[in-house]
Amino acid sequence: MVDSGMIKWESPSNIAIVKYWGKYGRQMPRNTSVSFTLSEAKTITSFFWEPKENDNPSLDISFLFEGQEKPGFAQKSIQFLNQVADDFTWLKHHKIKIDTTNTFPHSAGIASSASGMSALAACLVDAHLSITGENTDEDAFLKKVSSYARIGSGSAARSLFKSAAIWGKNERIPYASDEYAVGIENYLHPIFLDFHDDIIIVSNKEKSVSSSAGHGLMEGNPYAPARYAQAQNHSFDLMDYLENGDLKRFGEILELEAMTLHALMMASTPSFILMAPESLHLIAKIRSFRNDTGLPVYFTLDAGPNIHLLYPDDCKTEVDLFLKDTLSADVKVIKDRVGQGAQKLL
Ligand code: PMV
C-alpha cells in the first residue's frame, strides 16, 4: 500500500483507417474501427496522489495544463474521473494533482482527447496498482487501461498499442472486443511499420460539432445501418490488406472511410459540413499526384478539415516535393509516423 506517490505516462494520438462514428451505452462502438498509432503528437501526464487531511469522501483534484490552470481542459478529465470513481475507491480519499502537456500546439486543430484520455487512464490504472498492491501482467494491464480510456473518449482506447489497434467485435479477429482495443502489430506487413502520416493543418479552429454530438447524430441518421455494415466489412477486409501489404486496397478503404464519415455528417439532421474549401482542393491535388506518379499516397480526415496524408517511407522525397509545390508557405504540416504506443516515463 503506497500512501503518496507520483507516476508519469506518455501516450500518442492515433489515426483511424476505419472510423468509429456512432456509439451506444457506456461509450460502446456501433462498429469496429482500426487505427495506426502515431508517435509525434502525444500527451505527457504526471499524476500525483497523497492522503487527504480531512476524510471528506469527494474528489479533490487540481489540474494543470502545460503548467497553468485551464478550467476548460480540466473539465473533461474531472468528468472522466467522476465517471470511474466507483471503481477506484481510493480516488476520493486522496488529493490528486494532474499535470499534463501536449507535444503539439493546442491551436493546431488536432484533437487531443485520444492522447490525453489514454495517458490519464494509464496513470489511473497504474496508480491503482501501486496503491492497492495488486499485480497484473502487461496484457491485462493494457486491456484495463484501454477500457477506461474508452470511457474518457472512444478513440483513446486505441492509442496505447504499438503500431496499430482494432477496437470493436469483428469476425476476422476473434479476440477483438467492444470494451477495449487490442494491438494488431503482429498482423502488419513490414511496409506499415514505418508508415508516414503528414498532418496538413487546413484550419486550427475549434470543430463546429463536438465528437459526442456527432456520434449522437448517427442515432437518427437513415444511412446508419448501412454504414455500420460497411464498417464491419471494411475492418474485416482491411486486416487482409494490412497483412499482405496491398497498398492500393488499403488506400481505397482509407479514403472511402473519410468520405463516408463526412457524407454522414452532411446527411445528418442538423447537417454539418466539416471540411473546408481548402480540404477539397487538397484532396483533388492528392488524387492527381497519385494518378500522375503512380505512388501509393492516400488521404484521410477525422471529423474536421485537416488532411492526413498516409504513405510508405520510400515515397517521402516525392511527397516532400509535392507538399512544397502545393502548399503555401504558411500552412503548417505535422510530420508524424507510426509509433510505439503508450510508455511509462516515471
Ligand atoms: O473518440 P471520439 O469520441 O472523439 O471520436 C472520434 C471519432 C473519429 O476521430 C472521427 C474517428 C475515429 O475512429 O477516431
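These notebook entries record what I looked up in the structure.

**Entry 1. Model and domains**

I noted at the outset that this is a predicted model. I looked up the domain division and found domain 1 at 5-187 and domain 2 at 194-337. I then took the distance between the two domain centres, which is 24 Å over C-alpha atoms. For the contact between them, I recorded 35 residues from domain 1 and 45 residues from domain 2.

**Entry 2. Area between the domains**

The size of an interface is often given as the accessible area lost when the parts come together. For domain 1 and domain 2 I recorded about 3,300 Å² buried between them. Carbon and sulfur atoms account for 64% of that area. I asked which three residues supply more than any other three of the area that domain 1 buries against domain 2. They are Lys-19, Trp-21 and Arg-172, with 26% of that area.

**Entry 3. Polar and charged pairs across the interface**

I counted four salt bridges between domain 1 and domain 2. I also examined the salt bridge of Arg-172 with Asp-240, where the closest N and O atoms are 2.6 Å apart.

**Entry 4. The side of domain 1 that touches domain 2**

I looked up which strands contribute to this side. Both β1 (5-18) and β4 (33-51) supply at least two residues each. The most comes from β4, which gives eight residues. By residue class, I recorded 18 nonpolar, 10 polar and seven charged residues on this side of domain 1.

**Entry 5. Surroundings of the ligand**

I found 14 residues around the ligand. Those that come nearest are Tyr-20, Ser-153, Ser-155, Arg-158 and Ser-211. I then checked individual distances to ligand oxygen atoms. For Tyr-20, a backbone N or O atom lies 2.9 Å from a ligand oxygen. For Ser-153, the distance runs from an N or O atom of the side chain and is 3.0 Å. For Arg-158, a side-chain N or O atom is 2.8 Å from an oxygen atom of the ligand.

**Entry 6. Salt bridges in the whole structure**

I recorded 18 salt bridges in the structure. Side chains of opposite charge can pair when their charged atoms come close. One pair I inspected is Glu-10 with Lys-42, whose closest N and O atoms are 3.5 Å apart. Because Lys-42 lies in strand β4 and Glu-10 in strand β1, this pair ties together parts that are 32 residues apart in sequence.

**Entry 7. Backbone geometry**

I asked where in the chain Pro-270 is placed. Pro-270 is in the loop between α6 (247-266) and α7 (277-293). The peptide bond joining Thr-269 and Pro-270 is cis, with omega about -5°. I also noted Glu-66, a residue other than glycine with a positive phi, near 50°. Glu-66 lies in the loop between β5 (60-65) and α1 (71-84).

Technical notes
Residues are numbered from 1 along each chain as its sequence is written. This is a predicted model: local features need pLDDT of at least 70, side-chain atom pairs count only at pLDDT 80 or more; totals for chains, interfaces and linings use all residues. Side-chain values use heavy atoms; hydrogens and water are left out. Domain bounds come from an automatic or database domain assignment. Contact means heavy atoms within 4.5 Å. Buried area is the accessible area (1.4 Å probe) that two parts lose on being put together, summed over both. A salt bridge is a side-chain nitrogen of Lys or Arg within 4 Å of a carboxyl oxygen of Asp or Glu. Helices (H or I, at least four residues) and strands (E, at least two) are DSSP runs, numbered from the N terminus. Ala, Val, Leu, Ile, Met, Phe, Trp, Tyr, Cys and Pro count as nonpolar, Asp, Glu, Lys and Arg as charged, and the others, Gly among them, as polar. A residue is near a molecule or strand if one of its heavy atoms lies within 4 Å of it. A polar contact is a pair of N or O atoms within 3.5 Å; within protein, one must be able to donate a hydrogen and the other to accept it, and residues adjacent in sequence count only if both atoms are side-chain atoms.
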